[in-house]
Amino acid sequence: MTGYEVAVRARAELGEGPTWDPEAGRLIWVDILSSRVHGYDPSSGRSTVRTTGQHVGAAKPRAGGGLVLNLRDGVGLVDPDGAFRWLHRDPVPGRRGNDAAVAPDGSLWAGTMRYDEAPGGGTLSRVTGDGTAEVVLPAVAVSNGTGWSPDGRLMYYVDSPTRRVDVFDFDGRQVTGRRQLAQVEEGAGFPDGLTVDADGCVWVALWDGAAIRRYTPAGTLDRVLDLPVSRPTACAFAGPGLTDLYVTTARTGLAAPHSLAGSLLVVPDAGQGLAQPAFAG
């Protein structure tokens, strides 16, 4: 597959977490290390930026408007009027929030990692709308892509240093039966953010792999989207028909980054995405 376009030419240090907000008709994405939440309206081309008080791993729409943020020190809420408040504060020195996703029941599955990426230093937690938090996966290294199958019975997950995309059985609240869906071979990069399409296939960005891969529910690699940037970080279907695949990228740690590193890219008509639930809080 080829045919990417530049949606937003930017110099994000660590662009991440593209998410379509259907109510606002905009794509939300973050620059983690610059503590910024970006909004992009594909119909007008208009972009917005909100600065957060600390590193922000993910931003997702809330059911009543506003955003839920996975921050360095926990999970916070931005109200529709722009006011900020903490929902679940859990600061741990040397650790920050990373990728996050909203489950079918509206809970936020929020990942963390240590800045030094030490094995076992991160977690994946389920956070409900009232702020109740439960650690689902302890002792991960770099908690990254999380997503659910179209019927909600499977959850896909990436702990990047393992080079695996894993799959769990999901009962609506808990995960069991962890097993490998796919292994990214040595030299092809590390799996990062992911999204699941209407066919139940998993699209995953390959950090240091300059590509997006699509795996079938059986774990077969059936599509590869090569990109000019070495560090794509995540992907999501967006737009009114959920057919355009948006890709966030990073330039952090690169001695000579590509001119598009840090930009938001898009592949028009790449496939058919799934509508994503808003955070129920």
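**Pockets of the predicted model**

Strand β2 contributes the most residues to the lining of the largest pocket, namely five. The structure is a predicted model, in which local features need pLDDT of at least 70, side-chain atom pairs count only at pLDDT 80 or more, and totals for chains, interfaces and linings use all residues. Residues are numbered from 1 along each chain as its sequence is written, and side-chain values use heavy atoms, with hydrogens and water left out.

The largest pocket holds about 740 Å³ of space. Its lining comprises 46 residues, and Thr 19, Leu 274, Ala 275, Gln 276 and Pro 277 are the closest to the centre. A pocket is an open set of points on a 1 Å grid over the protein atoms alone, where a 1.4 Å probe fits, with protein on both sides within 12 Å along at least five of seven lines; lining residues have an atom within 4 Å of a point. Volume is the space filled by probe spheres set on the points, which are joined across faces, edges and corners.

Two or more lining residues come from each of β2 (15-21), β6 (56-61), β10 (95-102), β14 (143-148), β18 (190-196) and β22 (232-238). Strands are DSSP runs (E, at least two residues), numbered from the N terminus. The lining of the largest pocket has 25 nonpolar, 14 polar and seven charged residues. Ala, Val, Leu, Ile, Met, Phe, Trp, Tyr, Cys and Pro count as nonpolar, Asp, Glu, Lys and Arg as charged, and the others, Gly among them, as polar.

The second largest pocket has a volume of about 380 Å³. Of its 18 lining residues, Met 113, Glu 117, Val 142, Asn 144 and Trp 207 are the closest to the centre. Strand β18 gives the most to this lining, with three residues.

Technical notes
Helices (H or I, at least four residues) and strands (E, at least two) are DSSP runs, numbered from the N terminus.
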